[in-house]
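Visitor: I am new to this structure. Could you show me how to read its features?
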Amino acid sequence: MQSVGVMLCVALLSFSLFNFVGDPINNMVGEETSTEERAELRETLGLNDPIHIQFGRFVVNAAQFNFGKSYQLRRPVSELIAERMPATLELVIASSILALGFGVFLGVYTGINRTGVLSNIILFVSLAGVSLPTFVIGILFIYIFAVILGVLPSFGRGEVVQIGFWSTGLLTASGLKALILPSLTLSLFQMTYIIRLVRAEIMEILQTDYIKFARARGISNRSIYFGHALRNSLIPVVTIAGINIGTLVAFSIITETVFQWPGMGFLFIQAVKFVDIPIMSAYLVFIALVFVAINFIVDILYFLIDPRLRTKSENRDG
Amino acid sequence: MDFLEITNLNISYPTRRLLVAAVQDVSFSVRKGEILGLVGESGSGKSTIGRAILGLLDEPGKIEGGTIQLENHDLADPATEISSFRGKRIGLIFQDPQTSLNPVMTIGEQLIETIQTHLQLDANEARKRAVALLDDVGIINADARFNDYPHQFSGGMRQRVVIALALCADPDILIADEPTTALDVSIQSQILALLQKLKADRNLAVILITHDMAVISEVADRVVVLKDGRIVEMGAPAAVLGTPSQTYTKSLVSSVPPTDRRIDRFPIMGAEQNHAADHNLKILNRWQLQKNTGASLVRVEALSKSFSSEGFMRIGTNEPVHAVRNVSFEIREGESFGLVGESGSGKSTIAKMIVRLIEPTSGAIFFEQDDITTLDGPALLAFRRKIQMVFQDPYSSLNGRMKIKNIIAEPILHHNARLERADIDHYVDDLLAAVDLPASSKERYPHEFSGGQRQRISIARALATQPKLLVCDEPTSALDVSIQAQILNLLKDLQEKLGLTILFISHDLPVVRQMCDRIAVLKDGAVCEIAAAEQLFASPEHSYSQHLLNSMPKFQP
Amino acid sequence: MADRSAGLIHRIRDSDIFHSFIHSPTALISSCLLVVILLTSFLCEFVAPHDPFTPASLSLMDAFTPPFWAEDGSMVFLFGTDGQGRDLLSAILYGTRISLIVGFSAILFSVIFGVSLGLTAGYFGGRYETVIMRLADVQLTIPSILMALLVDGVVRGIISRELHDEVAIYVLIFAIGISEWPQFARVARGATLVEKNKDYISAARIIGLPNRLIMFKHILPNILRPILVIGTIGLALAILAESTLSFLGVGVPPTTPSLGTLIRLGNDFLFSGEWWISFFPSFFLVILAFSINLLGDWMRDTLNPKIN
Amino acid sequence: MNLKKITSFVAVALLATVASTAQANTVKWSMKGDSLTLDPHEQNEGPTTMVSRQIYEALVSRGLDMSIEPQLATEWTIENPTTWVFTLRKGVTFHDGSPLTASDVVFSFNRAKSKTSDFKEYIDSVTSVEAVGADKVKLVTEGPNPILLNQISNIFVMSEAWSKANDSALPGDFNADEKTFASSNANGTGPFKITLREQDTKTVFEKNDGWWGTVAHNLDRIELYPIANSATRVASLLSGEIDIVTDAPVQDLKRIDSSAGHTVNSVEQMRTIFLGMDQGSAELRSSNIKGKNPLADKRVRQAFYQAIDIEAIKKKVMRGLSSPAGIITFPGVTGYTKDLDARLAYDPDASKKLLADAGYGDGFDITLNCPNDRYVNDEAICTAVVGMLGKVGINVNLFAQTKSTHFQDLKNGLSDFYMLGWGVPTLDSHYVFSFLYDSKGSWNKVGFDNARVDELIQTMVVEVDPAKRNAAIAEAWAIVSDDISYLPLHHQVISWASKSNVDVPIRPNNEPLFRFATVN
């Protein structure tokens, strides 16, 4: 239900793009097209219909993931999106894994060793990480690893392998190499966020009675940290990380621009420049879809992590 | 030599301003097969000692000196590998079973983990042992409940699980830190019985840490009385509590509400002798005293309240919870009416409906002939003025961001918009004086006051509108017993001087006996019995009333 | 009056927060840096050696002067000049002010908007709460960058092009502010739910205070702490968001550049040897964001009552 | 860090990569944007045509020196002023092996003239195309057309059978939901054929072994990687991942040139950058002067002109890579002369005096509209102009925006003062006049209206006698230059940066011809 509401809101938003942003005709035709031809194109595109009819048509089409043709590329948007989606998803998933893996590990470490030198260094460096804009980090990485050291590629996805409709860069050495810099750039911000979140959770949980009680029972530190504390800290981490992975998709716009990563964010930013509205609205709807999907996964994870949601009956013994 | 011997123990908490000596020069010992009661008010250091034995002092606490000798190990010696004693030789249980268990692990997992930490057992054997333990502590159908999560158990059952966890590796000593404070009186008696049984069956040494004199007098074999980190008195309960030799112990004992009779006032030891309120009840000048006719002030008729459990995540079981079922009673002008019951009995819900914080599902509440459930606008404001409330938790009942004078002045201003600033200032002074607080208090913030003082401020605020009815919802249950005595005295004085009617809500039967003229006993939202106080305590009619009175720990020095 | 303020000073001096503050080197250093940045940027008319944004005062022939220590550097332009002959130090001071104004205003906007919604949602509950929190969820699906691009696009469509530059800064504030409100609404709601059940609120209701007073006089001051903490961190985020948007070209126009715009403009010269044009604005941005983040971090650790 | 150290480090790293990638001759080519479509009639846009040019061919084409050369036609005759007959080259085959026929040419012309074609304006003077026998094609034009060859050099020839078999009989249409096959596949007659096409990511061209011409290149393969971010593009060139960049930012050229193993080639581009000043409107929209239009006064336009220090712009903004212009056309275009191209002197004092004479001694406000992603350093040039005009008292408010909205504003006549660049694909002055100076010209947005010039433009269209026609062009140029209808700035200079071992001859229209490229 909620998802449908979210999707409708976003659909309305993306539709209003059509009616507010620029004049698409101008971006479709050359500099020497006559006024009559423009009017004709308006008519064929249905841009002269009343707004509610346009919106109705938009929703019906969007439900079938039909966003018409890109003004600029003259190709069906759904096809363009399908072509670009694997690149973005691979980038986002790789970044999420980096962010979650390192984030949780370093978060637990710094949460346990609150005053350690290494903890402070980790916190300090990660804070410096979020204080740098993503685009600066990206360009810095390119300069260091591609231009100076020459060890990693500065742009693109490397060799890709086509598996059905999905083109993957994960199966070739050059593809994997090309993934390193963009995914690292994209993950840094979330990583810092997760480090901080996990650290705060761990610190809070280590003060709770059940941890003290576990200590009093002689349970080993290792088991307390990773068995008890980490598991409990995962509940808020899952929520926040879920939301953040959604935003990773959006933030990939910058990363993809800097690294010429042929994903949807890159498609989108170019669409913005050319006011290519079908692509813009399709992208928005896609983002919302990702969010809804992630929310769904988060709910399931909740269910798995927190038994209080799983078992309905409380106090069976009254 | 006794099993565990503590000699000259000193513990301190260095803070930035000063070094707080939490425990000073404490020496005592425990034998196997005895329950040693550590009793004292908050800040006496009793819990600190318990934790120090296991080396689990909160930061930045530190053992400064002394020894904790267990057989030939000194647990106070930093060189001792104290973690090897935790759970293995010494078990520790905490006050609140709600928070002592990891909510995301089944009790079985927690038990097996603990057992396997200490004993070389495979999963099967560990499980067998765990089930046996659960049986021992009185979990019914232990095998079937093995994979349940903590939230699926009730409070009492949870505390049994906690005890089972503490006993996993057959420790020789069990330290129980306020093990029954969070529990209802009937469950309290079961847990205390369990502790006594375990002590006997396993030849355990038990250190029972509590603030409750009655509990100590019922179950302890020996008692150590602590005050401000020092031992005041030590010995058999009958001797220490019956014929105390120290002033502190005497005052402590005299503050305990007796269970067997009603007394006029609590005798307060020390400098601030009684009737402090006598000479400075200046608020009387403003008070419009009315004769109490003994007529009905509040009449509750067939009152019911149910909460529908709505939650975003919760699916299924949408049965409404019936918190109050068809309750009727009346409160007469000038009397103290008591509502007694265990947690979940609906007593607070009734109070909230009477002050109109929540609306009843059905039924009516009449206050001076008006059905308050239908009031609104100016009539509601006029009603609000006549009925005020004192809350249970002194820490949450005052807005921490406001100065005391603003807290007290707020109701005055709200009901008398035209009063002048200077006049309000005086009024606030008078109100503070009425609750025995110095006028200088008004420039300070709540966090600068102790719990008892905050309850006084709460009372002053409640009096600011010159109410007829004062609803007191467990006003002393969060306070130490000596402070409780003072607050109860104050309430009695104010009632008498100001002609207040009081609705007094409590789970604490001895307190109710001291405070109330008539009492209604509640169970599961329904009234079991309404009777005059003395009559109820002398000859309860309803079986539940009888059960409650029997479970009540008797303080018999 | 004097007595009272003396009392206040004493209270502050005596408070644990003050103590922890003066004993935390990071908090001290970062707030000192912040104070310096705030002062210099808000007094930039007086502090800056040049007025970089009066086009008539610039000389194109001064363009690409390196910092003063370099071979062709000049003490007139301490950090050198950009491609238009603007003094970088002055441009940075002016730009910092713009960045700070945008960041502060955006966060203020989202705090006011988010907290009022979150507070009322938590206080009244019911369907109202559900609607507000679902709205927050929808808002979360559209991250700040996307939101800003959209808002910018919509505004471009609505108002005339010439006006756009003038309102660009408000558009930016709105876009960043509107995308951050759910955070504040969530925190405010959560804190309100906790406070709402405390007895002092019941007391206020029994006194008969109207809801509006209870919410804003009683609850609001008590939920400000966590909001202050996330607000501080949010400020750093907002400043970075501003710079990112300016980098993408939808932010502050180059006629009144912010730090982000300066970085974007300087970015073109990254490989050409005029490194200072992007380096100094980036450096300032990092210092600014870093000190705010450090301060926020310290506040989070200090003000969190659950961790001691 | 020491910059020299870094540079030498880079050099070492580069040498290493260069050595390691010595394989079959491949050129990795990068530019900002990708070709929008492989359909040669769908989009008349720079990078798209650049890609089409490698795979498709036209009847005639411009060679390295930009002169018209036979391509698919070996010869042509003008039977009468409106009828041309082209003889097709023998032995030409498409990439799919089918031979080129006259009907393919007819099909292609009709396709390029169709409604959805973006090239129809080029040949709207062509009224009929028909095959005459198997190897001749006859074009009939509406009237005499002196620039027909220029125009048809952009009309690429496709295979009729292949197009029809693949649902691509017409160029792509916005309304159709399915794309045409031809927009992502190609079947031309050119020296290279497409073997991989991933839009915006990677396009691979391989040598066409069946090409009819004499092979002058030694390439086996071209790989095109568009990179939008210029810093990344330069980085990838410096790191050795890319061999040639055809649009390196001017400020980075020195750095690239100084890096070992890289060279930079520059040539004047066929594009002139200028500022338009609305002299036709009664009142300026963005000015504080109301009731009259200061720009209608030639003295004000001249004051603007003489306030611009074009040499400073050349030195600082363009890094020396521009050529100050006096008229909006460039060498190689019929009608261009060195004298016309001379500028009025930079003289701020004269400028101030002119303004005072015109009654604007205190200056006035005006908005300058400028694109920020269309021309080389467009926004920076405008910013510099703002400063220079500020010095003579004109308070210019700069309004820079992306090209699509900028041109939209121009089209809608919303700009008082704007930047525009004009190229001349036909290499004839008529192209400039018909768009910029004709009183009804579609890009005459300054309201220039001169009856004599309109008359001369008509002459250029119909006059086939070169001498008379050139005289008309010269007279027109004299009139518009004297009037200062536009404020010319400079001719853009194109620079291509590449590895030293890669030689792709640079051309003034910025289109590489890889059939002349070599790799050593």
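Predicted model: local features only at pLDDT ≥ 70, side-chain atom pairs only at ≥ 80, totals over all residues.

Visitor: At what angle do H6(A) and H8(A) pack?

Guide: Look at the two axes. Helix H6 of chain A covers residues 117-131, and helix H8 of chain A covers residues 173-205. They pack at an angle of about 140°, with their axes 8 Å apart. H6(A) and H8(A) are therefore oblique to each other. Angles over 145 would count as roughly antiparallel.

Visitor: Is the crossing of H6(A) and H8(A) left-handed or right-handed?

Guide: The crossing of these two helices, H6(A) and H8(A), is left-handed.

Visitor: Which residues of H6(A) and H8(A) meet?

Guide: From H6(A) come Ile122(A), Leu123(A), Ser126(A), Leu127(A) and Val130(A). Facing them in H8(A) are Phe189(A), Thr192(A), Ile195(A), Arg196(A) and Arg199(A). By class, this contact of H6(A) with H8(A) has six nonpolar, two polar and two charged residues.

Visitor: How do I read H7(A) and H10(A), and what is their crossing angle?

Guide: Take the axes again. Helix H7 (residues 134-148) and helix H10 (residues 221-259), both of chain A, cross at roughly 30°, and their axes come within 9 Å. That makes H7(A) roughly parallel to H10(A). The crossing of H7(A) and H10(A) is right-handed. H7(A) brings Thr134(A), Phe135(A), Gly138(A), Ile139(A) and Ile142(A) to the contact. H10(A) brings Ile254(A), Thr255(A), Val258(A) and Phe259(A). The contact of H7(A) with H10(A) divides into six nonpolar, three polar and no charged residues.

Visitor: Now the interface. What area is buried between chain C and chain B?

Guide: The size of an interface is often given as the accessible area lost when the parts come together. Between chain C and chain B, about 2,200 Å² is buried. Carbon and sulfur atoms give 52% of that area. On the chain C side, Asp199(C), Ile206(C) and Ile207(C) lose the most area to chain B, together 32% of what that side buries. In terms of contacts, 23 residues of chain C touch 27 residues of chain B.

Visitor: How many salt bridges are there between chain C and chain B?

Guide: The count is one salt bridge between chain C and chain B. Lys217(C) and Glu410(B) meet in a salt bridge through their side chains, at 3.0 Å, N to O.

Visitor: And how many salt bridges are there over all chains?

Guide: A search of the whole structure finds 64. One pair is Asp297(C) with Arg196(A), at 2.5 Å, N to O. That pair crosses between chains, from helix H12 (residues 276-303) of chain C to helix H8 of chain A. Arg196(A) also belongs to the contact of H8(A) with H6(A).

How values were computed
Residues numbered from 1 in each chain as written. Chains lettered and ligands numbered in written order. Heavy atoms only, no water. Axes fitted to C-alpha atoms, helices over the stretch in contact; angles between N-to-C directions. Helix = DSSP H or I, 4+ residues; strand = E, 2+ residues; numbered from the N terminus. Parallel < 35°, antiparallel > 145°, perpendicular 65-115°, else oblique. Left-handed = near helix turned anticlockwise from the far one by under 90°. Contact = heavy atoms within 4.5 Å. Nonpolar A, V, L, I, M, F, W, Y, C, P; charged D, E, K, R; others polar. Buried area = accessible area lost by both parts, 1.4 Å probe. Salt bridge = Lys/Arg side-chain N within 4 Å of Asp/Glu carboxyl O.
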